[in-house]
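Biologist: I would like to go through this model with you. Please show the sequence and structure first.

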Amino acid sequence: MVTIASKTGTPNVSMLGIGAYRPQRLVSNDEVCEVLDSSDEWIFERSGIRNRRWISGDESARSMAVAAADRAIRNSGIDKSKIGLILLATSSWRTVIPHGAPAVAYDLGINGIPAFDLHSGCGGFGYGLAVASDLIRAGAAEYVLLIGVETMSVVLDPHDRSTAFIFGDGAGAVIIGPSEENGISPTVWGSDGENSDAITQNFDVPAYMDRAQELQGKDPDDEEVGRMVVTMEGPRVFRWAAITLPKALSNVLTESGVSIDDIEVFVPHQANARINELMKKNLGLADHVPVANDIENTGNTSAASIPLAIEEMLVTGKAKSGQIALLLGFGAGLSYAGQVVRLPPAPTETSF
Ligand SMILES: CC(C)(COP(=O)(O)OP(=O)(O)OC[C@H]1O[C@@H](n2cnc3c(N)ncnc32)[C@H](O)[C@@H]1OP(=O)(O)O)[C@@H](O)C(=O)NCCC(=O)NCCS
């Protein structure tokens, strides 16, 4: 009888360092409304957004992912040669073939290690945290670099009243590895394909290729050609969130073995400040518990929003290293993923 070897890793894992990158260009609601039929007041009241950051010049998803990852590595104090895997959570990388993670590994000077992308919309960071922490527990890697990166500005229709003002660009990264105490709970995650068309794109890839072929030589911003952009039925997503997410959050508490009174920080995906305040209230979190509100000046950066929001809270002192935080990512799919975590050390190299 042949015995095939198996591995087990360490049960206790934590986020050991965090890094982020925010694009240089700050875009106000007024600037968005130079094209969009909306107003600063409406946008702020309905979403909590005042500004977002969009890439410009040489900035790209690749450059942002590398910059955030470099900071996370240095902030963790871990030698980069110890990283055994890169996970890149993104839905707006320029290409599906090739996926982005190997190029990021190359740019970081750790070419050759396993590196793959994870497409799970705005829930991408939560899904990535689940995969990374459980792979370490299984012994597949000792340290994992998880990056959330998006260039949502590239896949936006600036005239679309339900998406143009919401999305922003940016990257956040964490180093996950073994720790004395456990710092990442089991994940509560799920999906709802019945509502998959609530957040989607206007062309599927083959249809877009056919169309591009047909209209070859024409300007891609030409109205006749159209661009591939994200579309969202906002109120439908809002209703789904209001029904699905409170249950998900209470399951995260049950799975983590942590009581609501132990939660010191709440970091939901930065989709809409109104949804986040509603979730805090429905969950019964105490008034003094801070809720991430990075959306105000960063917009909704999809898979990058949770690490960007954690970084902002640690840098500004709204949250502290080691505090117990409740995380919940959600969005396209539709899908969600949540955990209870201990916050990583405050970064010395920041994105501000
Ligand atoms: C997108 C979102 C902010 C829109 O807010 P809303 O309050 O649901 O807005 P509605 O679409 O119901 O529209 C309300 C009114 O505002 C108007 N309106 C819609 N978009 C507008 C805009 N950008 N500017 C000004 N007015 C707008 C509508 O025409 C409507 O007017 P009416 O009452 O006269 O008919 C909100 O639905 C949302 O955040 N949804 C969830 C998004 C999310 O979580 N996504 C998942 C992660 S990516």
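Biologist: Is F165 buried or exposed?

Modeller: This is a predicted model, in which local features need pLDDT of at least 70, side-chain atom pairs count only at pLDDT 80 or more, and totals for chains, interfaces and linings use all residues. Residues are numbered from 1 along each chain as its sequence is written, and side-chain values use heavy atoms, with hydrogens and water left out. Buried means under 20% relative accessible area, exposed over 50%, and partly exposed in between (1.4 Å probe, protein chains only). F165 has a relative accessible area of 5%, so F165 is buried.

Biologist: What type of aromatic pair do W42 and F165 form?

Modeller: Rings of Phe, Tyr and Trp (its six-membered ring) pair if their centres lie within 6.5 Å; planes under 30 degrees apart count as stacked, over 60 as edge-to-face and the rest as tilted. By this rule there are two aromatic pairs. For W42 and F165 the centres are 5.7 Å apart and the planes stand at 90°, so the pair is edge-to-face.

Biologist: How far apart are the centres of Y127 and W189?

Modeller: Y127 is buried, at 16% relative accessible area, whereas W189 is partly exposed, at 41%. Their planes are at 50°, a tilted pair, and the distance centre to centre is 5.0 Å.

Biologist: Which residue lies over the face of F44?

Modeller: A charge sits over a ring if NZ of Lys or CZ of Arg is within 6 Å of the ring centre and within 35 degrees of the ring normal. At 3.7 Å from the ring centre of F44, the residue is R50.
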